[in-house]
Amino acid sequence: MGSIQLENLTKRFGDTVAVEELSLDIADEEFLVLVGPSGCGKSTTLRCLAGLETPSSGDIYIGNDHMNYRVPQNRDIAMVFQDYALYPHMTVRQNIRYGLEEEPGYTSEERDARVEEVAETLGIADLLDRNPDELSGGQQQRVALGRAIVRDPEVFLMDEPLSNLDAKLRAEMRTELQSLQSDLKVTTVYVTHNQTEAMTMSDRIAVMNDGRLQQVGTPLECYHEPNNTFVAGFIGEPMMNLVSGTRSESTFVSDHFEYPLDDGLRAAVGDHEELILGIRPEDIVVRGEGDEAEPGATDFRFEVRVVEPHGDQNVLHLTRPGGDIDDALQAVTGGMHLLSQGEQVVVSIDPGKVHLFDAATGTALH
Ligand code: ATP
């Protein structure tokens, strides 16, 4: 069983609280991505799981066994790091075989056979007699993976394993890693600050900030139902527009617009007055001035200040006419929907797509 429980895990380094009261249950065979900005405590959490750091308080269980005092070798885990840490003087075969070094119960022939089997799985069987400096970055990363999986561990711990690869290779390896994980059915905790990796690879995402868990859920839950403004801003590219304002009766009043709150939004807001309204760029509908109105949506006049063409889509920066560019809203339109800088447009915001947060705490109200 490779299930993992973290109970109130806290790790301090002097005055720095790297991880604070983190509780998380990870199911057997699950692929969980720990994501968050630099310094939020992802690697420290992983290192505590691996036994490379001792928790200041809290408990770690793998497969229901208490791990806090177990040395890394006895945790039945395998780690893959950002720098592949291959031994330069050893061949690929020897590097992978090294993963079995501490494993009892294998004959020499069985070790050789296991290395061959793993190399086949990873598509590097023809590279077994090369040295690491004769391999590309992607091949080296596969060897590092080979060394991790050769022992058939209960849990994989991966810390930014793809970040040294170029964008194309990273995308390829992302898919490979995912399919490898689902074939091997090994519980995986994968650390990244890259939200695309988090969204595309994981069964669930755990979003961290400042040492604290902000939300754990499927990628789509975190995208559609963010718990707070941090998750709302972190998940999604371009990021969600977050507009500060106040409630006046049944209207959200901001510098950008006065947005009428329908019954559903009004009920969610309750007595809160200082609010943040969130709307994803892809949920803002942009039309030319003469186009037909969107049924049920609420329309505002905006000016196109910047157009960023991405081919398949355009990212627009919009302000109220003559408004400050620093306060621009971002909207996404299809790549063929051509608008020019300075053009006046009508923007519709569907109440069904609006998120509302309490401004004081950032907590989601709707
Ligand atoms: P990154 O994405 O940059 O690797 P991270 O989210 O993995 O960041 P951690 O490496 O876990 O973050 O660091 C969390 C906090 O703990 C940071 O403030 C960091 O400076 C601090 N920290 C981590 N390791 C140590 C250490 N050995 N001694 C002192 N402080 C540390």
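Reader: What makes the largest nonpolar core a core, and which residues have the most contacts inside it?

Author: A nonpolar core is a set of buried Ala, Val, Leu, Ile, Met, Phe, Trp, Tyr and Cys residues joined through C-beta atoms within 7 Å. The largest one here has 88 residues, and those with the most contacts inside it are Leu 34, Leu 157 and Val 207. Before we go on, please note that this is a predicted model, in which local features need pLDDT of at least 70 and side-chain atom pairs count only at pLDDT 80 or more, while totals for chains, interfaces and linings use all residues. Residues are numbered from 1 along each chain as its sequence is written.

Reader: What share of the protein counts as buried?

Author: Of its 366 residues, 37% count as buried (20 or more other C-beta atoms within 10 Å of the residue's own; 12 or fewer means exposed, in between partly exposed, with C-beta atoms placed from the backbone).

Reader: Which residues is Leu 34 in contact with, beyond its neighbours within four places in sequence?

Author: They are Lys 42, Thr 45, Leu 46, Val 189, Val 191, Ala 206 and Met 208. Across the protein, among contacts between residues at least 6 apart in sequence, 64% join residues at least 24 apart.

Reader: Now the ligand. Which residues are around the ligand?

Author: The list is Phe 13, Thr 16, Ala 18, Gly 36, Ser 38, Gly 39, Cys 40, Gly 41, Lys 42, Ser 43, Thr 44 and His 193. They belong there because the C-beta atom of each, placed from the backbone, lies within 6 Å of the ligand. Two elements give two or more residues to this shell, β2 (16-26) and α1 (42-50), and α1 provides the largest share, 3 residues.

Reader: How many helices and strands does the protein have?

Author: There are 9 helices and 20 strands. These are DSSP runs, numbered from the N terminus: H or I of at least four residues for helices, E of at least two for strands.

Reader: Why do we say that β1 and β4 pair?

Author: Because pairing asks for at least two DSSP bridges, and β1 (residues 4-13) and β4 (residues 57-62) have 5, in the antiparallel sense. One of the bridges joins Leu 6 to Ile 60 in β4. β4 also pairs with β5 (residues 65-66), antiparallel, over 2 bridges, and Ile 62 stands opposite Asp 65 there. β4 and β5 form a hairpin with 2 residues between them, and in its turn Gly 63 has a positive phi of about 50 degrees.

Reader: What makes β15 and β18 edge strands?

Author: They belong to an open, antiparallel sheet of 5 strands in the order β15-β19-β16-β17-β18. Each of β15 (284-288) and β18 (329-334) has a single partner strand, so one side of each is left without a neighbour in the sheet. Neighbouring strands here are turned by 45 degrees against each other on average, direction ignored. Inside the sheet, β16 (residues 298-309) and β17 (residues 313-319) pair over 6 bridges, and Glu 303 stands opposite Thr 319 in β17.

Reader: Which order do the strands take in the open sheet that includes β13 and β20?

Author: That sheet of 5 strands runs β13-β12-β11-β14-β20, with antiparallel pairing. Its edge strands, β13 (258-260) and β20 (355-358), each pair on one side only.

Terms used
Two residues are in contact if their C-beta atoms, placed from the backbone, lie within 7 Å. Axes are lines fitted to C-alpha atoms, for helices over the stretch in contact, and angles run from 0 to 180 degrees between N-to-C directions.
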